[in-house]
Amino acid sequence: MQRSLWHGAISFGLIYVPVDMYSASRENSLPLHLLDSRDFAPVGYSRINKVTGKEVDWGNIVKGFEHKKGEYVALSDADFKHANVKASETIAIDTFCEASEIPPKYFDTPYYLTPRKGGEKVYALLRQALESTKKVAVATFVMRGRQHLCVVAPNDKALMLLTLRFSDEILPPAQGKAMSGSQSAVSAAELAMAKQLVGGMTGKFKPERFKDTYRADLKRRVQEKIRKKQTHSIELEIEDDSKRPTAQVIDLMDALRASLKKKGKAPARSVVKAAARRRAC
């Protein structure tokens, strides 16, 4: 059974909803390990004391804030817990708004919220209120020693919490050459054809259609090496550039027309790169 990551209460007005929080996502990357290329022995992450050079047991490790060069203030678990008791025990709702008002760049990690014993009715009330008003709740809470901004939103018969990045965690757009493309002049004909392409490729978002093909291909490569008994060797492979698709310099309008002829299929990467190269010249 999945373990609760956090428990407390959602608070709005004078209403408290006791909840548990569970992870709503998982990492599907291959569990790779660091190896020493000389003998293929695993390489671990050592906790080394920078003064003595000796490894430190977990039981002797504490967190500290460096208030001036070389001087630290140690913080215990009690310090984190009592820094703001209310903040560490509640998901405090500040505002209700439309989900579309929150730019995608702010969204981070999803979690499920489940009602604790005695909170089922108030939980259902909040979920139904959000669902019927088509609103999400913007809130803050503390978990693992740091405060998070988040939204609470209905999801089928449950409530989800999605952490958000704070505004000062969002970096401004890259300057210089990376921004030059956004200022390029686009003709009315090019824009009209691009809009036609977007219209032809518009459809419902179906996440089940998308699979992690890179992970699957990498896993097949691992199985192939096992089959060939290449489990204790490092093979440096040089990719044959002659077999890779090359980008041809063609007109942007031609690239758009070619994309439209595919009747809704995504344009080939080589065509996109070629169009971008021509615009940059």
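Is arginine 146 buried, partly exposed or exposed? Arginine 146 is partly exposed, with a relative accessible area of 40%; here buried means under 20% relative accessible area, exposed over 50%, and partly exposed in between (1.4 Å probe, protein chains only).

A few notes before you go through the model. This is a predicted model, where local features need pLDDT of at least 70 and side-chain atom pairs count only at pLDDT 80 or more, while totals for chains, interfaces and linings use all residues. Residues are numbered from 1 along each chain as its sequence is written, and side-chain values use heavy atoms, with hydrogens and water left out.

1. Seven strands make a closed barrel in the order 1-2-6-9-8-7-5, with mixed pairing. Neighbouring strands of this sheet are turned by 40 degrees against each other on average, direction ignored. On terms: strands (E, at least two residues) and helices (H or I, at least four) are DSSP runs numbered from the N terminus, and two strands pair if DSSP finds at least two bridges between them. Axes are lines fitted to C-alpha atoms, for helices over the stretch in contact, and angles run from 0 to 180 degrees between N-to-C directions.

2. Strands 1 and 2. Strand 1 (residues 6-12) and strand 2 (residues 15-23) run antiparallel and are joined by seven bridges. Serine 11 has tyrosine 16 of strand 2 as its bridge partner, and phenylalanine 12 stands opposite isoleucine 15 in strand 2. The hairpin has two residues between the strands, and in it glycine 13 takes a positive phi near 65 degrees.

3. Strand 2 onward to strand 6. Strand 2 is also antiparallel to strand 6 (residues 107-115), with five bridges joining them.

4. Salt bridges, starting with Lys135. The structure holds five salt bridges, each a side-chain nitrogen of Lys or Arg within 4 Å of a carboxyl oxygen of Asp or Glu. In one of them, lysine 135 pairs with glutamate 98, and the closest N and O atoms are 3.3 Å apart. Lysine 135 lies in the loop between helix 3 (120-133) and strand 7 (136-143), and glutamate 98 in the loop between strand 5 (90-97) and strand 6, so the pair ties together parts that are 37 residues apart in sequence. Lysine 135 is partly exposed at 26% relative accessibility, and glutamate 98 is partly exposed at 30%.

5. Asp108 and Arg165. These two also form a salt bridge, with 3.8 Å between the closest N and O atoms. Aspartate 108 belongs to strand 6 and arginine 165 to the loop between strand 9 and helix 4, so parts 57 residues apart in sequence are tied together. Aspartate 108 is partly exposed, with a relative accessible area of 47%, and arginine 165 counts as partly exposed at 29%.

6. Arg146 and Glu169. Back to the residue of the opening question: the side chain of arginine 146 meets that of glutamate 169 in a salt bridge (3.3 Å, N to O). Arginine 146 is in strand 8 (residues 146-155) and glutamate 169 in the loop between strand 9 and helix 4, a link between distant parts of the chain, 23 residues apart. Glutamate 169 is partly exposed, at 37% relative accessibility. The C-alpha atoms of glutamate 169 and tyrosine 106 are separated by 8.9 Å, although the two are 63 residues apart along the chain.

7. Helix 7. In helix 7 (residues 252-261), the buried residues are Leu252, Met253, Ala255, Leu256 and Ser259. They lie on the same side of the helix because they cover an arc of only 160 degrees around the axis, the arc being that of the directions from the helix axis to the C-beta atoms.

8. Two backbone spots to look at. Most residues other than glycine have a negative phi. Lysine 134, however, has a positive phi near 55 degrees; lysine 134 sits in the loop between helix 3 and strand 7 and is exposed at 63% relative accessible area. Aspartate 156 likewise has a positive phi of about 55 degrees without being a glycine. Aspartate 156 lies in the loop between strand 8 and strand 9, and is exposed with a relative accessible area of 63%.
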